[in-house]
Amino acid sequence: VSFRPRILVVDDEPQIHRFLTPALEAAGFEAAQAHDGAAGLAELARHPPDAVLLDLGLPDMDGQDLLRRARAFYQGPVIVLSARDREAEKIAALDGGADDYVEKPFGVGELLARLRVALRRAGAAPPAGAVRSGDVEVDLSLGLVRRAGERVRLTRKEFELLAVLARAEGKVVTHRRLLTAVWGPAHEHDVQYLRVLVGQIRQKLERDPAAPELIVTEPGVGYRFLGEAD
Amino acid sequence: MVFLLAVLLAAAAFGLGPGLIAAALAGAVYDFAFIEPRFTLHIAHPRDLITFAAFFAVALAAGWLAGRAKDRAGRLQDQAAAMAALLEASRALAGASTPDEAAQVLADQAAEVSDGPAVVLLPQDGAMRLAGAPPGLSALGDDALGAAAEAFAAQAGVMIAGGWTFRPLEGVRGRVGVAGLRGADLTDGLVDTILRQGGVALERALLASAAAENEALRQADRLRAGLLNAVSHDFRTPLASILGSATTLSDYEDSLAPAVRRDLLRSIQEDARRLNQHIGALLDMARLEGGALKPARELTDVREVAGSALRRLQPQLAGRSLRRDFARDLSLAPADPVLLEQVLLNLLANAAAHTPQDASIEVAAYEDPRSVLVSVEDDGPGVTPAELGRIFEKFHRAGPPEHGGGLGLGLSIARGFVEAMGGRLAAVSPVAAGRGARFVVSLPKAAPMPRGLL
């Protein structure tokens, strides 16, 4: 293995570095540490890493603020670490340029899975051809959806929504972003449109619409299209 | 006779004074028109003088009688008004739920019946505090406050200062406050009665508020006791296991069989997760108790939220057979999806904790004309009627606390969250054949949404 992706961990808790550094190294990554926001920004500018794990609760700087400043010069994937009951914080980070979030406390397996999705997607251009998940194939260039090889008819809006999610495959997409993409900025708060449309898509594409495996709900935050590798 | 009638009517309608005037007028007109010499006010004949005098006598008598009747009617009317005022006062006083409310009502009533502003002061920290006052008056001068305090403390108790006459308000058990009136006659029976009645009402309100405070304190005590128990027992148990497993691993690393090592590691993970759940429950409780909970009102598809809760809890439900029974078409309900997910997680965790490994759990989503409902039902042993009344209490646990159980907060939090969203959470047990428990969340429906946008 010649290439070890370098992951910068920005967190003020030494305990987190203490287990994350060996865990990342054991999983084939190179780990870099920053213990506050200023050090994190400096490290990002000096040696841009392949991905960033950013704790939103830093002592010297608001995590959202750091994210915004980093996004001015750093385009790589950023995964934020946030508490379970802080939906507003997660949404702000996602809308502010974060690629994904992991809820604290987390198991290493879950964190590494998210990290791999983010790295895989960062390396490649956004999918333009077909995105697959189980027996469903979303052909983004032709505007078709097949399930077990059979063409499934979606309405225009249903396909638009599915396409936004499929292009971001593996990543959570916030309600606001989905609403703006499909209905326009005037409807960015009309979450009920999304609920109905997602329900319709699930009826057509999910094996069991009550237990979705294709489009999963992140309550209060958004939706995630689970692709082949997720 | 016509003239007599007019005199009588005038006296009856307007009282004695107007009756006499009418008599004089009638006499004059009679004299002028009918007594010779006509068209003069001169009386020539002594007989006519008698007629004239009789006129006056009749007018006087009729006017006096009628006036008296009218005065009596007026007094009766006044008495009726006083009774009405008193009734109104007692009704308003009975409706007051806090001492300050009662004080304000009393001040208003006293002002109304005494034709002058009135204030009510209640003792607080050794001084008198203005609790009821006419609009526009927010404070009293120092001398007035001092006089009020003296009126409250002194035996006899009436004090005058700054134009106010202060008199103590007596309850059944003792003095409760002071009323101050300005320029009104305090010996008037009605004012007296209202102040007496107000004193009793104030005392009742003060006692009620003290009782409510006591009840709140008792509840806070219970909560604190539960919290202490939670921290000392429910947090220490998993911590003890984590510390024990970790030190075993580090001290005997080489001599442990691989299977034992794996088991210790798994136990560390499980207990850390449990601790995290306990912390989450305490935080949820704190949010509910602190009143800081502001649920979002998003039109929510409860099937989606239920699906997400089931996915999240899959590992803990493993082994139990899960059934989803979701209506294919279901209205959206205004709810907070994050809170609703926590509610369903708590209900599912509760079902998992009180059923054997091979139990089955069914989650259903359906609707009636008014509400969208989600239910979590199990076929476990069920809940006894005695338990059923207590399961939503904080820190209440069915049976003895066991390792692996929750804090006894899950159902209480669930109910708190559902109610914060304007819905209801009910428990039914047994469900069938003397077994099983069903928890039903009902959320009021939203107005239908316009079609055509999808």
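1. The model is a predicted one.

2. Chain A has 230 residues, and 55% of them count as buried. Its accessible surface comes to about 10000 Å², with carbon and sulfur atoms holding 52% of that area. Among its contacts with a separation of 6 or more, 58% are between residues 24 or more positions apart.

3. How are helix H1 and helix H5 of chain A packed? H1 (residues 14–26) and H5 (residues 108–123) of chain A meet at an angle of about 60°, and their axes are 11 Å apart. That angle makes H1(A) oblique to H5(A). The crossing of H1(A) and H5(A) is right-handed.

4. On the H1(A) side, the contact with H5(A) is formed by A:Phe19, A:Leu20, A:Ala23 and A:Leu24. H5(A) supplies A:Val108, A:Leu111, A:Leu112 and A:Leu115. By class, the contact of H1(A) with H5(A) consists of 8 nonpolar residues, with no polar and no charged ones.

5. H6(A) contributes A:Lys157, A:Glu158, A:Leu161 and A:Leu162 to the contact. From H8(A) come A:Leu194, A:Leu197, A:Val198, A:Gln200, A:Ile201, A:Lys204 and A:Leu205. The classes in the contact of H6(A) with H8(A) are 7 nonpolar, 1 polar and 3 charged residues.

6. Chain B contains 12 helices and 12 strands. Of its 454 residues, 39% are buried. Chain B exposes about 24600 Å², and 59% of this comes from carbon and sulfur atoms. Counting contacts in chain B between residues at least 6 apart in sequence, 62% link residues at least 24 apart.

7. Which residues of helix H12 of chain B are buried? In H12 (residues 410–420), the buried residues are B:Leu411, B:Ser412, B:Ile413, B:Ala414, B:Gly416, B:Phe417 and B:Val418. Their cover includes two helices of chain B, H8 (258–289) and H10 (337–353). It also includes strands S11 (424–428) and S12 (437–444) of chain B. After H12(B) comes B:Gly422, with a positive phi near 85°.

8. B:Phe392 lies in the loop between helix H11 (385–388) and H12 of chain B. Is this residue buried or exposed? B:Phe392 counts as buried because its relative accessibility is 14%, and the cut-off for buried is under 20%.

9. Which residues does B:Phe392 touch, leaving aside neighbours within four places in sequence? B:Phe392 is in contact with B:Leu411, B:Ser412, B:Arg415, B:Leu425, B:Ala426, B:Ala427 and B:Phe439. B:Arg415 is 23 residues from B:Phe392 along the chain, and the C-alpha atoms of the two are separated by 7.1 Å.

Notes
Residues are numbered from 1 along each chain as its sequence is written. Chains are lettered from A and ligands numbered from 1 in the order in which they are written. This is a predicted model: local features need pLDDT of at least 70, side-chain atom pairs count only at pLDDT 80 or more; totals for chains, interfaces and linings use all residues. Side-chain values use heavy atoms; hydrogens and water are left out. Axes are lines fitted to C-alpha atoms, for helices over the stretch in contact, and angles run from 0 to 180 degrees between N-to-C directions. Helices (H or I, at least four residues) and strands (E, at least two) are DSSP runs, numbered from the N terminus. Angles under 35 degrees count as roughly parallel, over 145 as roughly antiparallel, 65 to 115 as roughly perpendicular and the rest as oblique. A crossing is left-handed if the near helix is turned anticlockwise from the far one by less than a right angle, and right-handed if clockwise. Contact means heavy atoms within 4.5 Å. Ala, Val, Leu, Ile, Met, Phe, Trp, Tyr, Cys and Pro count as nonpolar, Asp, Glu, Lys and Arg as charged, and the others, Gly among them, as polar. Buried means under 20% relative accessible area, exposed over 50%, partly exposed in between (1.4 Å probe, protein chains only). Accessible areas come from the Shrake-Rupley method with a 1.4 Å probe; for residues, only the protein chains shown count as cover.
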